[in-house]
Amino acid sequence: MDYSGFLNFASNLAMEAGAFLKRFRGEGHLDIQAKVAGLDFVTNADKTAQKMIFESIAATYPDHGFIGEEDGLGNDGARALLRDGAERLFWVVDPLDGTLNYIRGLNGYSVSIALVRGTKPVVGVVYAPVEDELYSACEGGGAFKNGMPISASDCRDIHNALIIPSVPLTDMDLRDKMLAINSRLSRITLNTRIFGSAAVEISHVAHAGVDAYFEYGIYPWDVAAGVIIAREAGAIASSLDGREYELGDPGILVSAEGIHMAMVEAIGFDGK
Ligand code: IPD
Ligand code: CA
Ligand code: CA
């Protein structure tokens, strides 16, 4: 199937929503609400951006499904909807990935828009408006950063790997567990970076800025676009135990192919 029309549409939409977010951060009144007290937040900018994206999709593709972060579905709810839809195309959207960066006035937040068939992303765009960086891909078409082809790194030795580990958002026991894994990994890898937007972090694997990213506690809207971008760039996207990643899995590892098995073994994830 030729997805290029969808890719163009999604790219323009992500840039439009990103421009709104950047402008609003400078000029608008930011209304911050807690989703989980003191740990997870949503703002009027997240909600407005999602509305803008939803309305554009609904007007252009009225037959397609839509799942946005601010609809409040969990992993199971989203997966059930995607599976139920069978071959129906769904747009899976995070209107503002990196809300905490955004609130704190940090760079690196993004808009993430994916087109999904079943539980597989087939088109993905991630736009970071402050950096003006657009990552994009569609199935079989390769991956791009601002229109230039990108590919994941050829790293084959975990000791040379620059990795993005994760610090879970709200679950303190899980934080302890992931920090113990991160601490182990920091002894056998080159070093670590954390940027605060899963969509951008996966895109960094896709353009070989880093060699691996992993996280537990993510949702389809965080990763759907990044997964197709990374796969088209030659990276592997799996669950933390190495199975092919499927939307709705709470754990994800995206890495250069040459260190994927070593990363799975080093993470040694035995469930939550
Ligand atoms: C979060 C970011 C963050 C990741 C969290 C996500 P949000 O998304 O992607 O990097 O560590 O798991 O929830 O809440 O800013 O859209
Ligand atoms: Ca997110
Ligand atoms: Ca978000």
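The model is predicted: local features need pLDDT of at least 70, side-chain atom pairs count only at pLDDT 80 or more, and totals for chains, interfaces and linings use all residues. Residues are numbered from 1 along each chain as its sequence is written, chains are lettered from A and ligands numbered from 1 in the order written, and side-chain values use heavy atoms, with hydrogens and water left out.

**Ligand 1: contacts and cover**

- A backbone N or O atom of glycine 196 lies 3.2 Å from an oxygen atom of ligand 1.
- For serine 197, the corresponding backbone distance to a ligand 1 oxygen is 3.3 Å.
- Protein covers 88% of the 380 Å² of accessible area that ligand 1 has on its own (Shrake-Rupley method, 1.4 Å probe).

**Ligand 1: shell**

- The residues around ligand 1 include Glu69, Asp94, Leu169, Ala198 and Asp222 (a heavy atom within 4 Å).
- By class, this shell holds three nonpolar, four polar and five charged residues; Asp, Glu, Lys and Arg count as charged, and Gly as polar.
- Strand 4 (residues 89-97) gives the largest share, three residues; strands are DSSP runs of E with at least two residues, and helices are runs of H or I with at least four.

**Calcium ion, ligand 2**

- Asp94 (OD), Asp97 (OD) and Asp222 (OD) coordinate this calcium ion at 2.1 to 2.2 Å.
- Donors are N, O and S atoms within 2.8 Å of the metal, or 3.2 Å for Na, K and Ca; water is not among the atoms, so sites may look incomplete.
- Along the chain, the donors of ligand 2 follow the spacing D-x2-D-x124-D.
- Aspartate 94 lies in strand 4 and aspartate 222 in helix 7 (residues 220-232), so the pair ties together parts 128 residues apart in sequence.

**Calcium ion, ligand 3**

- Glu69 (OE), Asp94 (OD), Asp94 (OD) and Leu96 (O) coordinate ligand 3 at 2.1 to 3.0 Å.
- Its donor residues are spaced E-x24-D-x1-L in sequence.
- Aspartate 94 bridges the calcium ions ligand 3 and ligand 2, which lie 3.7 Å apart.

Definitions and conventions
A polar contact is a pair of N or O atoms within 3.5 Å; within protein, one must be able to donate a hydrogen and the other to accept it, and residues adjacent in sequence count only if both atoms are side-chain atoms.
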